[in-house]
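Subject: Structure handover

Hello,

My notes on it follow below.

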Amino acid sequence: MKKNLILTAVAVLTLCLSACGPKQHAEPMFWTWLDYRAGMNFDSVCTVMNQSGIDGVMLNAPTPDDYRVAVPVAKAHGIKVFAWLWTMNLEHDRAKVLSEHPEWLSVNRLGRSLADTTAYVDYYKFLCPALPEVREYLNDKIKAYCEVDGLDGIALDYHRFVDVVLPTTLWPNYGVVQDREYPEWDFGYHPAMIEKFKAQYGYDPREQEDPTMDVKWRQFRCDQIAEVANLFAETIHSYGKQMGASPFPTPKMASRMVRQDWSKWDLDIVFPMVYTDFYTLDPSFAYDCTVENVRDKNPKTELYCGLGVNFGGRPQDEVMDELIKNMDLAFAGGAQGIAIFTVNNLRTPEMQARFKAYADSLRAQRDANGGRLPAVSVPDHADPDPFAHEGLMKLVEAKIASLAGAPVQLGEYKLVNEFNVTKDYEVADAVSGAKFLVSFWSYGDIVSGWDVKKL
């Protein structure tokens, strides 16, 4: 009798926890990236994630022991945890490696090493993936994190080379114009990389008239990154954990911009960083990227969409409207979930409640459909014509009007220059006669940036 009473009490407690505690789902559908540091009130942050409907977190912490503290807290809130790790770009171990192994650092086309030069920012300290000792060092680091009990997986970040081309909206931040691939930002020319390429193809890529147009050389560097990613995948899977990654928006864009072809990685889940504010500023970019990713990703990889939550001085309702529009278009393109950067930018209870309502509605659709969202019909490629993107062209014409200082009546856009991924158009204002140069960039066959200059 006593035993039966105990079992009944356990059953009641289980039902209560099920009804009152955080709702569990087979797989998280809404994730966030988040920094973790010892001493922070992580329980409070997890409460905000629950209030926002976020059920997965990619957590960046300095040491495996930090995860041993954080993971049980997240689990108590029903939140899945991946370790968010920088790989080819050094982070928490940067000073140590720079001091002990400067020969491991990546080299650009001018022959300059990141051991004693800077690319954009001081913390860009990328390693050379062709070096066996680099691969061993990074794989051992992966193992140390995999040994954390309760950690669900590893999410790779900065698993690439330095940006040979930055997203267009970032050019003013660094005082650069990257209308082509310039040597100071074109990395992957470490002597070990050159020798490995020569052994396979029989020539030195630096001897080409324009190495940036050598498809074999570009893909070779992508493949070195892929080899290291798949070494990590083997290790991570041997521990019974999942591997994710936060790569550039599409494999084709990534291969051109940072020598990163993530379609060849053995990923379980991918969170491409489709930050519209970095590229066209128009939500159609989220749709275009997702369409391409459905087609080009590893068939075994579950596709999510990584989105930014950016205020830029705007009211919170406008920020949320934009975020929801981006999420709608990502799901319309075939994504199975969303990651946001970051939950901290859902700053108010109203924003959190609105995000949760959206997340819950999508989860209900997924649950009603047997664990996956209903299939959507999408084209096999994104439309590369900028003039077919209504929202984008409204932004372009608003910029022209801003430069003109008055409303404009624009004539026909005339193509005046075309080079590689760049197309320049000239357009005139019928009112003032002023002329404007409108440039579009299409990395990876997607409209990925634009600019306007008054002539």
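Which ring does the charged end of R347 sit over? The ring is that of F311, and the charged end of R347 is 3.7 Å from its centre. A second case involves R180: its charged end sits over the ring of F419, 4.1 Å from the centre. Please keep in mind that this is a predicted model.

Aromatic pairs

The count of aromatic pairs comes to 37. One of them joins F197 and W217. Their centres are 5.1 Å apart, the planes make 70 degrees, and the pair is edge-to-face.

Next, F271 and Y304. Their ring centres lie 5.4 Å apart and their planes stand at 65 degrees; angles over 60 degrees count as edge-to-face, so this pair is edge-to-face. This pair, too, links distant parts of the chain, 33 residues apart. F271 is in the loop between β6 (269-270) and α10 (284-296). Y304 is in the loop between β7 (302-303) and β8 (305-308). F271 has a relative accessible area of 0%, so it is buried. Y304 counts as buried because its relative accessibility is 5%, under the 20% cut-off.

There is also a cluster held together by ring pairs. Its members are W86, Y120, Y123, Y124, F126, Y158, Y174, Y182 and W185.

The parallel sheet

How many strands form the open sheet with parallel pairing? The number is 9, in the order β7-β6-β5-β4-β3-β2-β1-β9-β8. β7 and β8 are the edge strands, each pairing on one side only. β6 and β7 pair in the parallel sense over 2 bridges. In that pairing, V270 stands opposite L303 in β7. Helix α12 (residues 349-368) lies across β1 (30-35) and β9 (338-341). Helix α12 runs at about 135 degrees to β1.

The antiparallel sheet

An open sheet of 4 strands has the order β10-β11-β12-β13, with antiparallel pairing. Its edge strands are β10 (414-419) and β13 (449-454), and each pairs on one side only. From one strand to the next, the twist averages 20 degrees. β11 (residues 422-428) and β12 (residues 435-441) pair in the antiparallel sense over 7 bridges. K423 stands opposite F440 in β12. Helix α13 (residues 390-404) lies across β11, β12 and β13. Helix α13 runs at about 25 degrees to β13.

A loop residue: T212

Is T212 buried or exposed? T212 is buried, because its relative accessible area is 6%, under the 20% cut-off. T212 is in the loop between α7 (191-201) and α8 (215-238). The T212 side chain makes a polar contact with the side chain of D210, at 2.6 Å. Leaving aside neighbours within four places in sequence, T212 is in contact with R109, E181, D186 and R218.

Best wishes

Note on methods: Residues are numbered from 1 along each chain as its sequence is written. This is a predicted model: local features need pLDDT of at least 70, side-chain atom pairs count only at pLDDT 80 or more; totals for chains, interfaces and linings use all residues. Side-chain values use heavy atoms; hydrogens and water are left out. Buried means under 20% relative accessible area, exposed over 50%, partly exposed in between (1.4 Å probe, protein chains only). A polar contact is a pair of N or O atoms within 3.5 Å; within protein, one must be able to donate a hydrogen and the other to accept it, and residues adjacent in sequence count only if both atoms are side-chain atoms. Contact means heavy atoms within 4.5 Å. Rings of Phe, Tyr and Trp (its six-membered ring) pair if their centres lie within 6.5 Å; planes under 30 degrees apart count as stacked, over 60 as edge-to-face and the rest as tilted. A charge sits over a ring if NZ of Lys or CZ of Arg is within 6 Å of the ring centre and within 35 degrees of the ring normal. Two strands pair if DSSP finds at least two bridges between them. Axes are lines fitted to C-alpha atoms, for helices over the stretch in contact, and angles run from 0 to 180 degrees between N-to-C directions.
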